[in-house]
Amino acid sequence: MDIKSKAGKNLFQKIIENHLVDGVWSPGSEIAIQLDQTLTHDNGGALIFMYLEAMGIEKIHTEPGVCYLDHNTVQIGYENADDHQYLRAITAKSGVILSRAGNGISHQVHLERFGKPGKILLGADSHTSTAGGIGMIGIGTGGLDVAIGMSGEPFYLKCPGVVKINLVGKPASWVSAKDVVLKVLEIFTTEGNKNTVFEYGGPGVASLTVPDRATIANMGAECGVVTSIFPSDDQTKQFLKGQAREHHWSELPADSNAEYTDQVDIDLAGLEPMIAFPHSPENVKRVKDVAGIPVDQVAIGSCTNSSYMDLTAVAKILKGRTLHPDVSLGLAPGSKQVLMMLAKEGSLYEILSSGARIMESACGFCNGSCFSPKSNSVSVRTSNRNFQGRSGTTDARVYLASPQTAAATAITGKITDPRDLNIAYPAVSMPKKFLIDDSMLIFPPENPRQITVEMGPNLCPPPSNLPLPNDIYAEVTIKLGDKVTTDHIMPGGARNKYRANIPKYSEYVFEVIDHNFYQRALTIKERGEANVIIAGESYGQGSAREHAALCPMFLGVKIIIAKSFERIHRTNLINFGIIPLIFNDPQDYNKLEIGAKLDFSNLQHWISGNGRISFVNKTKNITLTGIADLSSREKKMILAGGAVNYIKNNR
Ligand code: F3S
């Protein structure tokens with residue numbers, strides 16, 4: 001037996017192999033896995049169920065499938081309320097559990113009530129990776145992939161490389177899980193980790209609670225990894241026991257001689273409070289080095305840092321103190337469970353006494369749905385993304401920090417290292433029993449036949465696409481730089497209410513970058529030509545929103561030529577029949593300008609073949625080449641005009 005065959009398995013590999021339905025474990029090759037659970041929410045949920053209908057699927061096949069009403073709960077106007085009513089009826093009809101508005105943020109509630117070590121969860125949200133904190137695989141993807149998964153079909157992915165993040169030591173007082181993951185972001189940045197999984201191990205793991213681990217797994221998404229995972233151990237058992245779900249626990253370690261593609265060591269004892277500067281989570285600095293920057297607003301919550309442990313620590317810091325008069329502090333508990341426990345134990349009193357504003361247990365400020373900062377201001381937040389404009393205020397400067405740093409900052413009115421408060425460290429122990437109240441979960445009825453599904457005027461059936469034409473005459477409608485995020489492509493915040501109304505939502509494509517894009521794209525489409533987008537590195541960073549592919553498709557975008565694509569967005573483009581083409585020579589980026597006329601011939605042949613596509617820039621009369629690196633299944637989807645057509649053709 002050679003040495004290689006003696007190598008043990010990492011945890012990710014073990015879980016994948018238990019769910020493998022096609023392919024073999026070999027990094028880089030395409031595999032298909034059976035799913036256990038699915039997660040959807042009200043930002044894309046209505047579309048997902050309309051896609052299931054378009055594919056002729058009435059009942060879902062994952063156990064459980066849960067749909068969370070957590071993103072669009074402010075409900076200015078009738079649109080979101082109509083969407084929620086639709087989701088309430090359609091989930092009941094389809095066999096999906098509905099978590100009502102007010103019950104909390106999907107990832108927090110899923111961790112509390114549904115996460116199980118060793119299972120696989122597919123979610124229509126990039127932070128589905130949060131589930132890795134409980135020893136399960138949580139993968140974020142586009143809504144159409146989730147719809148396909150809910151139909152019982154396997155999920156296809158490229159077998160990733162698994163990097164071990166070896167934790168040693170114990171974090172010092174005032175150093176939290178957020179500081180650990182900001183350190184991870186400092187090391188790995190937001191680029192270049194596309195087909196990678198972070199697996200945490202080493203002796204330092206034992207000192208991290210499940211909520212700590214969830215925070216770390218959550219923000220792995222900002223590095224662009226497929227997911228992050230922690231072992232299931234005594235900490236996991238303690239958390240599940242507190243949730244009255246000890247029977248869902250099993251011990252799941254990696255083998256002691258497990259193989260990894262790489263290993264990075266982090267000494268937790270050497271970490272300090274960290275903070276990410278605007279406008280990217282990778283702009284990480286030590287708080288002590290930048291302390292003193294005046295702050296206008298502090299927001300504590302989001303799926304990253306809204307647990308009972310986080311907010312109890314905040315309450316202890318705020319106890320007996322008041323906010324700085326120039327600071328507005330908003331605090332959104334991650335779930336009804338968290339809020340009720342804070343209320344019962346008196347922490348809510350301390351928080352309110354300080355002058356903080358309590359927000360709903362929902363996404364809220366994180367995606368700009370509420371609590372947007374004033375113009376040209378500084379906001380310190382415990383959420384996971386600080387992309388320009390995501391807060392709802394384009395010129396606001398958003399910093400990302402731990403709940404402890406955020407609370408200290410709210411008190412002093414300037415960015416503050418919490419150690420400088422000179423108060424006793426607010427230690428919080430894992431509760432022996434969490435407060436359990438599942439009354440806001442609506443379980444589907446035994447016999448759903450009588451349920452009537454109503455669709456309000458904001459709900460439009462999603463547009464369909466045609467099979468890929470052989471020849472395309474196109475124009476470059478926009479030329480973008482590096483790291484364009486899905487927030488740039490499709491704005492959130494106040495625009496989120498159009499998520500189920502694609503013709504309306506499409507009016508806002510690239511609104512943050514170029515107000516005229518919609519009109520230009522529409523004009524080109526109406527001329528019978530296609531729109532082409534040119535982009536730099538890491539196109540499509542950020543959230544899993546399929547609208548960043550669907551709305552451009554609706555406007556006639558057929559091809560995006562970029563230096564590189566982010567994983568989830570690339571999949572979404574293929575799902576909607578848009579070709580993700582990578583420059584064969586990155587210098588060719590300089591040979592394409594907005595307004596350039598492009599000629600693509602014989603596309604079906606090139607896509608069916610090796611994916612090398614030559615096209616002519618008629619404006620400069622030069623021929624350029626791009627590569628569409630597609631699996632055989634992805635080629636069929638592109639040729640069919642997207643996943644819906646492909647599935648319908650193959651049923
Ligand atoms: Fe919601 Fe923000 Fe998380 S929008 S799911 S709290 S990243």
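Let's start with a pair of strands: E3 (residues 37-41) and E4 run parallel and are joined by four bridges. Helices (H or I, at least four residues) and strands (E, at least two) are DSSP runs, numbered from the N terminus, and two strands pair if DSSP finds at least two bridges between them. This is a predicted model, in which local features need pLDDT of at least 70 and side-chain atom pairs count only at pLDDT 80 or more, while totals for chains, interfaces and linings use all residues. Residues are numbered from 1 along each chain as its sequence is written, and side-chain values use heavy atoms, with hydrogens and water left out.

Within this pairing, threonine 38 sits opposite glycine 65 of E4. On its way between the two strands, the chain takes in helix H3 (residues 45-54), and E3, H3 and E4 together make a right-handed β-α-β unit. A crossover is right-handed if, with the strands pointing away from the viewer, the path from the first strand over the helix to the second runs clockwise.

E4 also pairs with strand E5 (residues 97-99), again parallel, through three bridges. Here cysteine 67 has leucine 98 of E5 as its bridge partner. Another right-handed β-α-β unit is formed by E4, helix H4 (residues 79-94) and E5. Buried means under 20% relative accessible area, exposed over 50%, and partly exposed in between (1.4 Å probe, protein chains only).

Follow the chain out of E4 and you come to threonine 73, in the loop between E4 and H4. Threonine 73 counts as buried because its relative accessibility is 9%. Leaving aside neighbours within four places in sequence, threonine 73 is in contact (heavy atoms within 4.5 Å) with His84, Ala101, Glu360 and Ala362. With glutamate 360 there is also a side-chain polar contact of 3.1 Å. A polar contact is a pair of N or O atoms within 3.5 Å; within protein, one must be able to donate a hydrogen and the other to accept it, and residues adjacent in sequence count only if both atoms are side-chain atoms.

Arginine 545 is in the loop between strand E22 (530-535) and helix H18 (547-554), and at 8% relative accessibility it counts as buried. Not counting residues up to four places away in sequence, arginine 545 touches several residues, including Arg390, Asp487, Arg499 and Asn572.

Lysine 635 belongs to helix H21 (residues 632-640) and is buried, with a relative accessible area of 18%. Its side chain reaches the backbone oxygen of glycine 609 at 2.6 Å. Beyond neighbours within four places in sequence, lysine 635 is in contact with Ile607, Ser608, Gly609 and Leu630.

Finally, step back to the whole chain. It has 22 helices and 27 strands. Its radius of gyration is 24 Å, close to the 26 Å that the globule rule gives for 651 residues, so the chain is as compact as a globular protein of that length. The radius is taken over C-alpha atoms, and the rule is 2.2 Å times the number of residues to the power 0.38. Of the 651 residues, 63% count as buried.
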